[in-house]
Amino acid sequence: MDQDDTASAAIRVEGLVRNFGALAAVRGLDFTVQPGEIFGIVGPDGAGKTTTLRMLAGILAPTEGEAWVAGHSVVQAPEAVKRRIAYMSQRFGLYGDLTVAENLRFYADLYEVPRDHLEESEARLLGFSNLTPFRDRLADNLSGGMKQKLGLACALIHRPEVLLLDEPTNGVDPVSRRDFWRILYSMLKEGVTIFVSTAYLDEAERCSRVGLMHQGRLIRCDSPQRLKGDLPGVLAEFEVSDARRAHELLSSTREAGRVSLYGGRLHLYADTREEVDAALASLGEAGLEGASWREIAPSLEDVFIHTVRQASHDGEAAAHG
Ligand SMILES: Nc1ncnc2c1ncn2[C@@H]1O[C@H](COP(=O)(O)OP(=O)(O)OP(=O)(O)O)[C@@H](O)[C@H]1O
């Protein structure tokens with residue numbers, strides 16, 4: 001590989017594999033994240049997101065392949081990687097019997113943050129996260145959202161170049177989630193590169209690029225805009241008096257995931273417009289009068305559902321073929 005490429009990319013991954021015994025958790029990843037990007041990774045439970053993050057953080061050795069994070073190899077120099085990044089796992093270690101300020105100080109000491117920068121960094125991070133009024137509260141007595149924000153503040157105290165976040169807002173209330181993302185954007189402005197896994201597709205929408213992970217592979221990787229624009233087929237929304245019944249009728253003859261109910265509206269993901277017209281005709285034949293349909297723009301959720309379905313379908317076909 002070109003030495004300059006490795007040095008300039010914030011994260012570069014080549015042929016990364018991780019097996020746990022017979023289980024292939026990560027099956028060969030290749031991607032690059034540029035400095036100042038926010039890269040989101042989404043995928044069903046067990047897709048391999050946490051395993052990937054742990055390898056990038058230098059705390060889990062790859063079975064095969066390589067990754068360079070903040071200019072260092074996770075295989076050759078994991079300790080150098082750890083000094084230049086922050087990794088917030090799903091069970092980030094806050095000390096419940098220490099206060100908010102004491103937790104920050106603990107992480108500052110751990111990373112040997114110079115004392116002369118400390119007060120300013122603490123004040124800034126507490127301010128960002130709206131935790132200043134709670135600086136003397138024990139971490140155990142914070143709400144879930146506040147705990148996550150404090151975890152992020154602790155992860156940022158040593159000014160990492162790359163921030164690795166594993167589902168950081170899982171179960172967090174909407175207001176704290178918004179605060180959390182505000183902090184992430186401020187960090188981006190300061191040039192920090194962010195790699196975040198999330199189960200929330202509205203969060204994935206906020207990323208500069210999104211990787212869809214499925215069974216240990218990245219099956220798509222692009223900007224949210226492009227991912228939505230490239231979804232093949234037609235997404236149709238039906239206006240119909242009895243959406244529940246229409247759902248039953250249309251889904252009985254289609255693969256799972258093709259027909260879904262959104263409130264009182266019915267969505268059909270079809271290969272062609274003719275297929276949608278045929279579906280409309282079949283509703284009429286079944287006595288559901290007055291139905292109509294219009295094409296709608298897919299959301300990232302649609303892209304996610306249909307891409308995963310297609311990948312599972314292709315995987316099964318390959319297994320049986
Ligand atoms: N230490 C381990 N030992 C054995 N198997 C593991 C280990 N860690 C992960 N796995 C397995 O590897 C696969 C990928 O897990 P991983 O946690 O990376 O997925 P994920 O996409 O992060 O899902 P989740 O969001 O549920 O954590 C799963 O089948 C999991 O059971």
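**Close-up views of the predicted model**

**View 1. Pairing of strands S1 and S4.** In this predicted model, strand S1, which covers residues 11-20, runs antiparallel to strand S4, made of residues 64-69, and the two are joined over 5 bridges. Within this pairing, Glu-14 has Glu-66 of S4 as its bridge partner. Strands of a sheet pair through backbone hydrogen bonds, in either a parallel or an antiparallel sense.

**View 2. The open sheet that contains S1 and S4.** The 4 strands of this open sheet follow the order S2-S1-S4-S5, and their pairing is antiparallel. Strand S2 (23-33) and strand S5 (72-73) form the edges, since each of them pairs on one side only.

**View 3. The buried side of helix H4.** Helix H4 spans residues 100-110, and its buried residues are Val-100, Asn-103, Leu-104 and Tyr-107. These residues lie on the same side of H4 because they cover an arc of only 100° around the axis. Among the elements that cover the buried residues of H4 are helix H5 (115-128) and helix H6 (144-156). Just after H4, the backbone at Glu-112 takes a positive phi of about 55°.

**View 4. The whole chain, for orientation.** The chain contains 12 helices and 14 strands, and its C-alpha trace spans about 75 × 50 × 35 Å along the principal axes. Of the 321 residues in the chain, 38% are buried. Among contacts in the chain with a separation of 6 or more, 70% are between residues 24 or more positions apart.

How values were computed. Residues are numbered from 1 along each chain as its sequence is written. This is a predicted model: local features need pLDDT of at least 70, side-chain atom pairs count only at pLDDT 80 or more; totals for chains, interfaces and linings use all residues. A residue is buried if 20 or more other C-beta atoms lie within 10 Å of its own, exposed if 12 or fewer, and partly exposed in between; C-beta atoms are placed from the backbone. The arc is that of the directions from the helix axis to the C-beta atoms. Two residues are in contact if their C-beta atoms, placed from the backbone, lie within 7 Å. Two strands pair if DSSP finds at least two bridges between them.
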